[in-house]
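Here is a short report on strand pairing, backbone angles and surface. Please keep the sequence and the model in view while reading.

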Amino acid sequence: LKHGIIMYCWHCQEKLIWGGDHQEEDDEGNDLIVTNLSCSKCDAEVLVYLTIKNDMEEDNDLQKSTEEL
């Protein structure tokens, strides 16, 4: 999560509380960052999964987006 961005509970619209981040690996061997959030009002829990790209993948993505321009 970017600093200063507030996420709200899908069910009750209360601000979500950040519980922490940890690193995982998916079934295909990709590295992920998992952020856990919770709601103090309705006790909902939210997990956000973000794939961590290696430097070569990021370079390829940058090259593709530059070629599209």
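## Strand pairing

Two strands pair if DSSP finds at least two bridges between them. Strands (E, at least two residues) and helices (H or I, at least four) are DSSP runs, numbered from the N terminus. E1 and E2 run antiparallel and are joined by nine bridges. In this pair, Ile-17 stands opposite Ser-38 of E2. E2 also pairs with E3, again antiparallel, over seven bridges. Here Thr-35 faces Val-48 in E3.

This is a predicted model: local features need pLDDT of at least 70, side-chain atom pairs count only at pLDDT 80 or more, and totals for chains, interfaces and linings use all residues. Residues are numbered from 1 along each chain as its sequence is written, and side-chain values use heavy atoms, with hydrogens and water left out.

## Thr-35 in strand E2

Is Thr-35 buried or exposed? Thr-35 lies in strand E2. It counts as buried because its relative accessibility is 8%. Buried means under 20% relative accessible area, exposed over 50%, and partly exposed in between (1.4 Å probe, protein chains only).

The side chains of Thr-35 and Asp-21 are joined by a polar contact of 2.6 Å. A polar contact is a pair of N or O atoms within 3.5 Å; within protein, one must be able to donate a hydrogen and the other to accept it, and residues adjacent in sequence count only if both atoms are side-chain atoms.

## Positive phi angles

Most residues other than glycine have a negative phi. Gln-13 is not a glycine, yet its phi is positive, about 70 degrees. Gln-13 sits in the segment before strand E1 (16–25). It is exposed, with a relative accessible area of 53%.

Asp-43 is in the loop between strand E2 (31–39) and E3. The hairpin of E2 and E3 has five residues between the strands, and Asp-43 takes a positive phi near 65 degrees there. Asp-43 is exposed, at 61% relative accessible area. The hairpin of E1 and E2 has five residues between the strands, with Gly-29 at a positive phi near 90 degrees.

## A nonpolar surface patch

Ile-33, Leu-50 and Ile-52 make a nonpolar surface patch of about 230 Å². Patch residues have over 30% relative accessible area and no salt bridge; like charges are joined within 9 Å, nonpolar side chains (Val, Leu, Ile, Met, Phe, Trp, Tyr) within 5 Å. A salt bridge is a side-chain nitrogen of Lys or Arg within 4 Å of a carboxyl oxygen of Asp or Glu. Accessible areas come from the Shrake-Rupley method with a 1.4 Å probe; for residues, only the protein chains shown count as cover.

Ile-52 is found in the loop between strand E3 (45–51) and helix H1 (55–68). Ile-52 counts as partly exposed, at 33% relative accessibility.
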